[in-house]
Amino acid sequence: MYLEALGSALFGLVLAWAAVHRLPDRLPGRATVLVTGVLGGVFGAFVTHGALGPGHPFATLVGAVAVAAVVLSLLVHPRGARRLRRSATV
C-alpha cells in the first residue's frame with residue numbers, strides 16, 4: 001500500500017510537471033498545479049485501492065493516473081478567455 005501511494009504521488013507529480021511545461025499559459029501557478037497533481041494521484045490510488053482491494057497494484061496506479069489527469073484538467077482555462085468583471089450594482 002505504501003509503495004502504491006508513493007508511486008501514485010510520483011506519477012501525479014510527473015503528469016503535473018508535463019502539464020506545466022506543455023500548457024504554461026493556460027494553467028494557474030506552478031506550485032498549485034504540482035500539488036494538485038500529487039494530491040490527485042494519491043486520492044486516485046486511495047479510491048481505486050478501496051474499490052478493488054489489495055493485490056491490484058497496476059490497476060491502482062492506472063486509476064491514480066486517471067484521477068490525477070481529471071483533476072488537472074479542471075485547472076485548465078480556455079486560451080484567450082478573459083474573466084468577466086461585473087459590477088455588483090449591475
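What covers the buried residues of helix 2? Helix 1 and helix 3 are included in that cover. Let me build up to that picture.

Some ground rules. This is a predicted model, where local features need pLDDT of at least 70, side-chain atom pairs count only at pLDDT 80 or more, and totals for chains, interfaces and linings use all residues. Residues are numbered from 1 along each chain as its sequence is written, and side-chain values use heavy atoms, with hydrogens and water left out.

Now the layout. The protein has three helices and zero strands. Along the sequence, the pattern reads α-α-α. Helices here are DSSP runs of H or I with at least four residues, strands are runs of E with at least two, and both are numbered from the N terminus. Of the 90 residues, 27% count as buried. Buried means under 20% relative accessible area, exposed means over 50%, and partly exposed is in between, with a 1.4 Å probe and protein chains only. Take the contacts with a separation of 6 or more: residues 24 or more positions apart account for 70% of them. Contact means heavy atoms within 4.5 Å.

Helix by helix, then. Helix 1 covers residues 2-22. Helix 1 has 21 residues and reaches 30 Å from its first C-alpha to its last, close to the 30 Å expected at 1.5 Å a residue. The expected span is 1.5 Å times one less than the number of residues. The buried residues of helix 1 are Glu 4, Gly 7, Ser 8, Ala 9, Gly 12, Ala 16, Ala 19 and Val 20. They pack against helix 2 and helix 3.

Helix 2 is 30-52. Its 23 residues should span 33 Å at 1.5 Å a residue, and its end C-alpha atoms are 33 Å apart, which agrees. Which residues of helix 2 are buried? Val 33, Thr 36, Gly 37, Gly 40, Gly 41, Gly 44, Ala 45, Thr 48 and His 49. Just after helix 2, Gly 53 takes a positive phi of about 90 degrees.

Helix 3 runs over residues 57-73. Its 17 residues should span 24 Å at 1.5 Å a residue, and the end C-alpha atoms are 24 Å apart, which agrees. Thr 60, Gly 63, Ala 64, Ala 68 and Leu 72 are the buried residues of helix 3. Seen down the axis of helix 3, these buried residues fall within an arc of 165 degrees, so they line one face of the helix. The arc is that of the directions from the helix axis to the C-beta atoms. Helix 1 and helix 2 are included in what covers them. Phe 58 is also in helix 3. Phe 58 is exposed, with a relative accessible area of 65%.

Next, the packing. Two packed helices are described by the angle between their axes and the distance between the axes. The axes of helix 1 and helix 2 come within 7 Å and cross at roughly 145 degrees. Axes are lines fitted to C-alpha atoms, for helices over the stretch in contact, and angles run from 0 to 180 degrees between N-to-C directions. In the contact of helix 1 with helix 2, there are 11 nonpolar, six polar and two charged residues. Ala, Val, Leu, Ile, Met, Phe, Trp, Tyr, Cys and Pro count as nonpolar, Asp, Glu, Lys and Arg as charged, and the others, Gly among them, as polar.

The axes of helix 1 and helix 3 come within 9 Å and cross at roughly 35 degrees. That contact divides into 10 nonpolar, four polar and one charged residue.

Zoom in on Gly 12, in helix 1. Is Gly 12 buried or exposed? At 2% relative accessibility, Gly 12 counts as buried. Leaving aside neighbours within four places in sequence, Gly 12 is in contact with Gly 37, Val 38 and Ala 68. The C-alpha atoms of Gly 12 and Val 65 are separated by 6.3 Å, yet these residues are 53 residues apart along the chain.

Last stop: a loop. Asp 25 lies between helix 1 and helix 2. At 48% relative accessibility, Asp 25 counts as partly exposed. Beyond neighbours within four places in sequence, Asp 25 is in contact with His 77 and Arg 79.
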